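Please keep the sequence and the structure open while you read.

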Amino acid sequence: MSQPLLEVDDLRASLVTKYRRLDLLNGVSFTLDRGEAIGLVGESGSGKSLTTRAIMRMLAKGFRTEGDIRFDGESVLGMNRERLRRFRGTDVGIIFQDPRAHVNPVHSVGDFLTEALVRERGVSREDAERRAVQLLDEVGVRHAERRLKQYPHELSGGLLQRVMIASVLLAEPQLILADEPTTALDVTAQSDVMAIIEEQRRARGLSLLFITHDLELANACCDRLAVMYAGEIVEQGAHVYDAPTHPYTKELMGARPSIDERLDRLPVLEYNLEIHEELKARAQA
Amino acid sequence: MNANAAPRTTQIALAKARTQDPGAFTLLLRKLGPLGIAASIVLIVFVLAAALAPWIAPYDPDFPDLLSALSGPSAQHLLGADALGRDLLSRLMWGARITLLGPALVILIATVVGVVLALLAAWNRGIVDTVISWILDVLFAVPGILFGLIAVAIFGPNLMTVVVGLSIGYIPYVARVVRGAALRERNMPYVQAAWLQGQSGFGISLRQILPNVQPIVTAQAVSSLGFAVVDLAAVSFLGLGVQPPTADLGLMVKSGFDSMLRGQAGEAITAGLAIVLIVWSITVIGDRLTSNARSIR
C-alpha cells in the first residue's frame, strides 16, 4: 500500500499531422502520494494544462500520447471505455478555471449537482439532494437549499466555483486536479476558494494536483512544487520555492514582486529555449 | 443574510424589481405584439371551431340538403351550401380538424425523428455523422410533397399514408439545423464537464445538449408547420389524400372549383381563405415566438 496514488512516468504528448510533428510534452515525470499536494507552476504554454488533460485522457484525437500514467498502480492509458468512465467520474475530480463555462446554463444548481449521482450511481433523488445540501454547507454556500433551485446565471463566480467544488467532492474522488481554479475570481473570492479546497483536501485526505501561476499560493498550500518549462519539469521538490537550483527556476523566483521592497521594473527572464537546449545537452554529456 | 438586514437601497431595488415583474402571460403578449395577438386569436378560433365541431356545427357535415344545393349565404346556411347541398360552415369546421391535425402529426413525426438523427450525428460524429448527413442530403433533393405522393402510390390514398410520407420529407429540415446547433453545443466546456462526471453520451445528448438546442427545434418545427398545412391541402386537392365524403379544406377547394364553373364560387373561396388564414396565423405566431430579437425585457 505504499505505492503512490498517481505516477506519471516519462509522459510525452505530440501533435502529429501529415507534414510535421509538434512535441508538446517532452517526458514529464512525477509522483503524487496519497494526501499529498503538488503545485504545478510554469509560464503560459509550458504544458501544465496539457499534463492534466493527458492524465484524464481528454486530449483531442490528433494527439499521440506516450509514456505511462498509473493511478493506484493501474495504467490509465490502458483503461477500457467503461473503466475510463469510472476513472473520470469517481476516482478523479477536476476543477476548472472558468466555472461558468462548465455548467449547463439550462439546468438548476440542484440538477447539476445530483444528476451524476442519480443517473449513474442509482442514488435516490432525496438522498442525492441531502448530500448536495450538506456539501454546499461544508464549502461555505449559505442557504444551500434555496441555491439548489437557482440557475447558474443567478450565482456569482465565486459562489459558482464553490458549487463546482461541491460537485467534485460529491463524487468522492481520491485525486483532485485543479486547473487554475482561482484565476477567474477576484482576490477575496480567490483566498476563500483556496481555503475551502485546502480544508476539504486535508479533512478527506485527498491528493491534489494544483496548477497555477501564483507561486506564493502554490507554495502555501502544496507540499511540493514542480516547475515546468517547454513541456518538461525542470525542477521539483519541497526546496524549489526557497532554494531553487535550476537556472530557470532561480530566475523565475527572482522575478517575483516583493511587498517589502519597491521596484520600478521587475526583472525580465533571460532564460530561453536556446539556453534550455544547451543545458539539456550538457547534462546528457 | 436575511432580507431585513439588507441596506435600504437594496430593499428599494428589490421592491422595484418585484413591482416591475410583469408575469409570464404579459411577457408573452408583449412578445407577440399586436399582429401576433391577432394571429393568435385567428388560430384559437380555428382550433376551437375544429375541436368543438361535433357539438357546435349547425348541421351534419355529410347531410345533403339537395334543395339548398349551390345556394349562397342565407339565414339557413350561413356560408351557403355546396353542390350536394351540404352546409359549408359545418364542413369548414369539420374540415379544419384534418387540416390542423394532419400537419401537426407530420411535424411531430418529422421533429422526433429529425432530432434523434441530429443528436446521433452530432454526438458520434465520424462515420455515423457522414452516413446520416448523406441520407439527409438525399432527402433534401426530393421535394417533401413527392414523398406523400409516393406513399399514396404504394399504400393507396388515405390520410395516414400521406402524413407518414410527408413527414419523411420534413425530416431533413429539422435534422440539418439541429445537427449544426448540437455540434456547436457539443464542444462547449459544460458538455466536457458532464462527460468527466461520468455521464454517458446518450444521457448528455438528452439532458445537456437537447435543452440547449430546444429553441431551435421549436423554431424549425413551427416554421415547417405552415408549409405542411399547404402541402397536405395540396395533396387533398389532387384527390390523393383524404377521400370524399370526408370534409377537408383541400378537398373543399377542389370540389368548390367544380361549383365555381356552375356559378357558385363560395365554397372554393371560403375553404381557400381558411387555409390562408391558418397558414398566416401559424407563420406569424412562429415568427414572433422564436425571434429573440423582438423580446423586450
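## Helix H6 of chain B and its cover

The buried residues of H6(B) are covered by elements including helix H7 (159–186) and H9 of chain B. Helices (H or I, at least four residues) and strands (E, at least two) are DSSP runs, numbered from the N terminus. This is a predicted model, in which local features need pLDDT of at least 70, side-chain atom pairs count only at pLDDT 80 or more, and totals for chains, interfaces and linings use all residues. Residues are numbered from 1 along each chain as its sequence is written, while chains are lettered from A and ligands numbered from 1 in the order in which they are written.

Which residues of H6(B) are buried? They are Gly144(B), Ile145(B), Phe147(B), Gly148(B) and Ala151(B). Buried here means that 20 or more other C-beta atoms lie within 10 Å of a residue's own, exposed means 12 or fewer, and partly exposed is in between, with C-beta atoms placed from the backbone. Seen down the axis, the buried residues of H6(B) fall within an arc of 155°, so they line one face of the helix; the arc is that of the directions from the helix axis to the C-beta atoms. Ala153(B) and Ile154(B) are exposed on the other side of H6(B). Just after this helix, Gly156(B) has a positive phi of about 85°.

## Helix H7 of chain A

Over in chain A, the 18 residues of H7 (residues 187–204) should span 26 Å at 1.5 Å a residue, and the end C-alpha atoms are 26 Å apart, which agrees. The expected span is 1.5 Å times one less than the number of residues. Val193(A), Met194(A), Ile196(A), Ile197(A) and Arg201(A) are the buried residues of H7(A). They cover an arc of only 155° around the axis, which puts them on the same side of H7(A).

Those buried residues pack against strand S3 (37–42), helix H6 (157–170), strand S7 (175–179), strand S8 (207–211) and helix H8 (215–221) of chain A. The face of H7(A) turned away from its buried side carries the exposed Val187(A), Thr188(A), Ala195(A) and Ala203(A).

## Helices H9 and H11 of chain B

The axes of H9(B) and helix H11 (residues 266–290) of chain B come within 9 Å and cross at roughly 170°. Axes are lines fitted to C-alpha atoms, for helices over the stretch in contact, and angles run from 0 to 180 degrees between N-to-C directions. H9(B) and H11(B) are therefore roughly antiparallel to each other (angles over 145 degrees count as such).

Among the residues of H9(B) that meet H11(B) are Pro215(B), Val222(B) and Val229(B); on the H11(B) side, the list includes Ile275(B), Ile282(B) and Thr290(B). The residues of this contact divide into 11 nonpolar, 6 polar and no charged. Ala, Val, Leu, Ile, Met, Phe, Trp, Tyr, Cys and Pro count as nonpolar, Asp, Glu, Lys and Arg as charged, and the others, Gly among them, as polar.

## Where the chains meet

How many residues does each chain bring to the contact? Chain A gives 17 residues and chain B gives 12 residues. Two residues are in contact if their C-beta atoms, placed from the backbone, lie within 7 Å. On the side of chain B that touches chain A, helix H8 (189–196) and helix H9 (201–237) of chain B each supply at least two residues. The largest share of that side, 5 residues, comes from H9(B).

Notes: Parallel < 35°, antiparallel > 145°, perpendicular 65-115°, else oblique.
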